[in-house]
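Visitor: Please show me the structure, and then guide me through its overall form and its interface.

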Amino acid sequence: MSSAVTTTGSSSSGRFQKKEIRWWSSLMWPVAGLALLLLFNLIFTQGFFHVEVRDGRLYGVLIDILNHGSKVMLLALGMTLVIATGGVDLSVGAIMAIAGAVAAQLINKPGVSFPTVIAVSLAVAVAAGSWNGSLVGLLKIQPIVATLILMVAGRGIAQLITDGQIITFTDARLTYIGNGSLGGLPFPVLLSLGMLGVAALLTRKTAIGLFVESVGDNQTASTYAGIRAGRVKFLVYAFSGLCAGLAGLVAASNIKCADSNHAGLFLELDAILAVVIGGTSLTGGRFYLAGAIVGALFIQALTTTMYMRNVSADVAPVPKALAILIVCVLQSPVARGKIAAVFRRRTVQ
Amino acid sequence: MRISAKYIPLLATALVLLSLYAVGCISFTGFGSLRVVVDLFGDNSFLGIAAVGATFVILSGGIDLSVGSVIAFTSILIASLVGHGFSPFAAIGFALLAGTLFGVLMGFLISVFEMPPFLVTLAGMFLARGLGFMVNPQSLAITHPFFLERVANGLSIPLNDRVSIPFTATCYVIVFIIALVVAHYTRFGRAIYAMGGDQHSAALMGLPVGRTKIMIYTLSGFCSALAGVVYTFYTQSGDPAVCVGLELQAIAAVVIGGTLLSGGVGFMAGTAMGVLILGMIQNLINFKGDINSWWTPIIVGFLILVFILLQNAIVAASKRFGGRLSKTA
């Protein structure tokens with residue numbers, strides 16, 4: 001609690017400067033990683049940077065990375081805020097499956113308008129997120145456990161909705177979400193960037209971001225400061241549900257069907273890793289939305305690189321896991337302290 | 001009669017297990033037969049052994065998500081080595097060593113670099129899964145007579161002329177008994193409980209927290225590898241794609257068994273009952289026949305919720321009544 005007191009006690013301008021420095025240093029690692037990966041591809045992978053315009057839309061590996069990375073980008077936005085409160089949301093993959101299942105079932109029903117389909121599927125996703133939020137925020141259950149419930153049960157619920165079938169659809173408006181393009185760029189990319197804008201505005205231009213950080217930093221202190229920690233937590237899980245719902249629509253739309261068993265499978269892990277690579281600490285208190293987006297792109301670029309270098313999709317997790325471990329070890333305070341100590345010794349000598 | 005609060009979740013677990021068994025016996029003929037009960041242990045043996053490792057990790061306040069992948073990796077490693085002409089014992093020994101070293105590595109990262117266990121074992125999960133596919137990209141049948149004859153028939157214990165206890169079930173029971181002793185009657189076991197209760201207090205008491213942490217993940221890696229060995233006994237094959245999400249089932253078994261996920265409170269026996277409950281739910285659905293498979297995760301999710309709410313109520317009550325029903329009692 002003492003750290004919170006000193007933080008509020010320090011002068012506002014000094015704190016602002018400190019925050020600026022942190023923002024850069026935390027974004028530096030993921031950007032450096034991504035740059036390194038792109039540099040590797042520039043030298044060793046042919047055609048990686050080739051982008052061309054075909055039928056009024058951009059084509060190329062870089063565009064593919066943006067396009068395929070958009071689901072993890074969307075999830076990572078919600079996950080960033082959840083992790084900033086010191087929590088974690090394991091259920092996003094299952095919520096994706098549920099949202100996709102609802103959308104696919106409704107679009108095939110005659111007389112249901114398209115806006116209703118989107119609204120209902122997103123509402124179901126937000127409801128699922130709110131369920132997590134209630135367990136964590138109101139009943140004070142540990143986040144890993146609380147969201148584990150929906151992670152386990154969610155796929156069952158999605159199968160219940162689709163009656164165990166894979167529901168296909170052909171509606172042009174629904175398939176546009178995952179496959180359409182606007183101004184040359186794929187629609188999912190614009191959707192992710194739009195959500196990034198919304199999340200950044202809400203957290204950095206209103207007090208919500210401060211509330212989220214304070215709850216994650218020290219819940220007791222923020223409660224004494226008059227912040228309703230339970231309500232803040234409820235909101236971030238509901239937002240994570242919304243992001244998962246959008247990602248679920250993109251995923252279903254991509255393949256023009258709702259596959260309850262495989263939609264968003266293991267994407268929660270990618271999303272968590274994207275957030276961590278982006279510099280947000282798993283213990284909560286600080287968050288970097290832009291970092292999470294860079295983290296998501298890093299993971300997708302790594303995956304695409306391996307596909308282009310003919311690494312089998314099954315073996316691909318090995319270099320991915322190693323890269324992630326290295327990034328995380330470098331980011332750990334212990335390793336940073338040791339590196340800093342080495343430099344300090346040199347300057348003294 | 002007064003019952004200490006720490007036993008209430010354990011009693012609730014036993015009650016659920018007995019009710020499920022009673023419902024099964026009343027609804028279906030043959031549900032309570034010796035063969036079904038024996039098979040319940042045999043079919044869930046590798047989940048049970050994995051859950052033993054998960055219990056140690058969760059009691060210490062950590063989590064291990066690499067369990068399912070390590071089982072798959074071990075199974076394909078054994079199948080591949082035996083296929084290349086190694087003796088089964090050498091293959092099993094090597095696989096156990098590999099799994100244990102994997103645990104050491106994860107424990108080292110968690111302990112020395114103070115990285116969250118959740119994150120390290122998540123990366124470990126990817127790593128082990130990919131390594132399994134590197135060993136052999138497809139499933140591989142084991143045709144060695146040791147697996148086909150000795151383990152499948154020779155080592156099973158006959159109960160009567162029709163039913164015999166499979167070797168996999170024997171393995172599980174032996175592992176469970178050893179784990180019971182380690183958890184409740186050794187210095188290492190008490191250190192785990194102390195760490196789960198409060199890591200700082202444990203360190204202040206002079207317990208070797210860092211070393212214990214590495215040992216816990218080593219033990220979990222060993223249990224996962226052993227579960228992989230038992231998996232090869234059970235299916236007589238190795239498969240790098242198998243047991244996806246088994247870690248969640250193991251965690252579910254631990255939670256349903258009454259262990260607090262924040263660590264410090266729980267019983268090895270509860271986990272065994274949790275494993276049996278999961279197996280029995282599957283049995284009930286199989287016996288019923290007309291229930292769709294997707295009800296399994298929904299029912300399991302619901303059970304996890306019930307047990308968490310129960311534990312929350314107990315912890316809240318213990319706080320209200322002061323230290324009398326202390327959490328780490």
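Guide: The radius of gyration is taken over C-alpha atoms, and the globule rule is 2.2 Å times the number of residues to the power 0.38. This is a predicted model, in which local features need pLDDT of at least 70 and side-chain atom pairs count only at pLDDT 80 or more, while totals for chains, interfaces and linings use all residues. Residues are numbered from 1 along each chain as its sequence is written, and chains are lettered from A and ligands numbered from 1 in the order in which they are written.

Visitor: What radius of gyration does chain B have?

Guide: Chain B has 329 residues, so a compact globule would have a value near 20 Å. Its C-alpha trace spans about 60 × 55 × 35 Å along the principal axes. The radius of gyration of chain B agrees with the rule, at 20 Å.

Visitor: Which element gives the largest share of the side of chain B that touches chain A?

Guide: Contact requires C-beta atoms, placed from the backbone, within 7 Å; 37 residues of chain B and 34 residues of chain A take part. Elements here are DSSP runs numbered from the N terminus: helices (H or I, at least four residues) and strands (E, at least two). Those giving two or more residues on the chain B side are α5 (88-112), α6 (117-135), α12 (246-256) and α14 (295-320). With 11 residues, the largest share comes from α14(B).

Visitor: How many residues of α6(B) are buried?

Guide: A residue is buried if 20 or more other C-beta atoms, placed from the backbone, lie within 10 Å of its own. The helix α6(B) is largely enclosed by the rest of the structure, because the buried residues number 17 of the 19.

Note on methods:
Two residues are in contact if their C-beta atoms, placed from the backbone, lie within 7 Å. A residue is buried if 20 or more other C-beta atoms lie within 10 Å of its own, exposed if 12 or fewer, and partly exposed in between; C-beta atoms are placed from the backbone.
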